[in-house]
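Hi everyone, thanks for making time this morning. I'd like to walk you through one structure, so let me put it on the screen.

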Amino acid sequence: MNKLVINPERTLGHISKNLQGHFSEHLGRCIYGGVYVGENSDIPNTNGIRNDVVNALKDIKAPVVRWPGGCFADEYHWRSGVGPKQQREKMINTHWGGVTEDNSFGTHEFMEFCRQVGCDPYVNGNVGSGSVREMSEWVEYMTFDGVSPMADLRRAHGRDKAWRLPYFAVGNENWGCGGNMTPEYYANEYRRYATYIRQYSSDAPIYKIACGPNSADYRWTDVLMREAARYMDGLSLHYYTVCGEWSHKGSALTFTREEYDTTLKKALFMEKIIEGHSAIMDRYDPERRVGLIVDEWGTWYDVEEGTNPGFLYQQNSMRDAMVAALTLNVFNKHCARVRMANIAQLANVLQSPILTEGAQMVLTPTYYAFKLNSHHQENELLDSRVFTCDSADGLPVLQESASLSPDGTVHVTLVNPSADTARTVQVEALGKADPAVAAEILTGDTAAHNTFENPDAVKDVPFTDITLKSGVAEMTLPPCSLVHIALR
Ligand code: AHR
């Protein structure tokens, strides 16, 4: 019999709500269509922002959204996106389809979006094609409350009070699309740029995030930590789950059993690289002051047929929900170093929790994985372990994370990643003699997904098939499933 044992007496770190963050770039239909439709749209909106998307994000307690990129961030000039809309300068979005960016969604609109969702803004500055002055003035524009050229400009544009800007990143992928820099060069640039990101309010400090490594590039982390750790609060990490080659990544919905397994194994590689980067960070920062910020992660397949290849639009299935469930559990388990993570991307791009088409919106299986995981937000991670007698080919038989909420409830997210084998498991929270158990499940065929015609094919439902004997809850998880269990 498989067994999951949780020790509610042994806490291992704080699970920041920000581990369930999002990322929204000016890419394809993420911002335009996915988030912003404009004040004059027939699609129900508040100040141009879709009401359905805002409500969906509130329902999963979306904690933080990163913007404006991605690669777009390093060619974004913020002044083009403020002031009267008719006068905003247009630009070419060279990275993503060469389309015209009219800058109708800029700083004020992003802050308004975050206000409506009730989440924190995370803004990514431009190092690759910007200047120290431009970045410094953007921060002044957003956060200075006194009299200054940028604060006055913000007021002239209709916003009196400074915004709270809790997170700011100095460049994006500066080893690639953000300037093709070496780590040594970027470390110096980071130090220079970060100097001029002024902390105008001692009550609301800005957490400065340096561009970190791509996947398993440990040298980048080593150089950045050695040269610049004392000037940063966080170091980013980007890792995408790509099943095949970059030139042929496979389809989001049509895949073989082997591709399913490969995708999940590659997703679990996240744990290895977090461990690798954390070990390097521990050498320079044993107190774990600097957070690892996984501000881009998710699956990346070939685009859906007939869609613009520069728009990165892909459907989303139970396979993606399994990737999300496994990855979120990994983040929880590594919460001592990982302080934020942002799935790529919020709507209509890569592994999206939300898809939109005109006025319609669909919540994907990934959305429901986030929903079940949201019970862990701001809890204490608990020591937990799966003991198993079954075997699985390279994938864990079951994978879990467990946490303790302030009201004393033990929350568990338990994943059965197998495509075809159900797993019976006994769950025991030590010391909880006779717990009240409530649970929900997300399950389906590996390629099950939601469409605009059939939006509720996959969603979480109550899970009641649990027997409780002497404090031990026994249940059978169907193949390809995620269960959230609350033990009170
Ligand atoms: O998320 C899509 C792109 O992937 C981002 O713009 C970039 O940072 C990464 O390479």
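This is a predicted model: local features need pLDDT of at least 70, side-chain atom pairs count only at pLDDT 80 or more; totals for chains, interfaces and linings use all residues.

Let's begin with the packing. The largest nonpolar core has 114 residues, and the members that touch the most others are Phe113, Phe168, Trp297 and Phe331. Which helix gives the most to this core? That is H8, residues 318-333, with 10 residues. The core also draws on both domains, taking at least three residues from domain 1 (2-8 + 381-487) and at least three from domain 2 (17-377). Apart from it there is another core, of 23 residues, and Val386, Val412, Leu414 and Phe463 are among them.

Leaving out residues up to four places away in sequence, Phe113 touches Val35, Ile49, Val54, Leu57, Val65, Phe105 and Leu346.

Now back to H8 for a moment. This helix is mostly covered, with 15 of its 16 residues buried.

Asn103 lies in the loop between strand S7 (99-101) and helix H2 (107-117). Is Asn103 buried or exposed? Its relative accessibility is 0%, so Asn103 counts as buried. What does it touch? Setting aside residues up to four places away in sequence, the contacts of Asn103 are Tyr32, Tyr76, Ser80, Gly81, Arg88, Glu89 and Met91. With Glu89 there is a polar pair as well: a polar atom of the Asn103 side chain lies 2.7 Å from the backbone oxygen of Glu89.

Last stop, the ligand. There are 13 residues around it, and those that come nearest are Glu25, Cys71, Glu173, Tyr240 and Glu296. A polar backbone atom of Cys71 is 2.8 Å from an oxygen atom of the ligand. In the side chain of Glu173, an N or O atom is 2.8 Å from a ligand oxygen. For Asn172, a polar side-chain atom is 3.1 Å from an oxygen atom of the ligand.

That's my tour, and I'm happy to take questions.

Conventions. Residues are numbered from 1 along each chain as its sequence is written. Side-chain values use heavy atoms; hydrogens and water are left out. A nonpolar core is a set of buried Ala, Val, Leu, Ile, Met, Phe, Trp, Tyr and Cys residues joined through side-chain atoms within 4.5 Å. Buried means under 20% relative accessible area, exposed over 50%, partly exposed in between (1.4 Å probe, protein chains only). Helices (H or I, at least four residues) and strands (E, at least two) are DSSP runs, numbered from the N terminus. Domain bounds come from an automatic or database domain assignment. Contact means heavy atoms within 4.5 Å. A polar contact is a pair of N or O atoms within 3.5 Å; within protein, one must be able to donate a hydrogen and the other to accept it, and residues adjacent in sequence count only if both atoms are side-chain atoms. A residue is near a molecule or strand if one of its heavy atoms lies within 4 Å of it.
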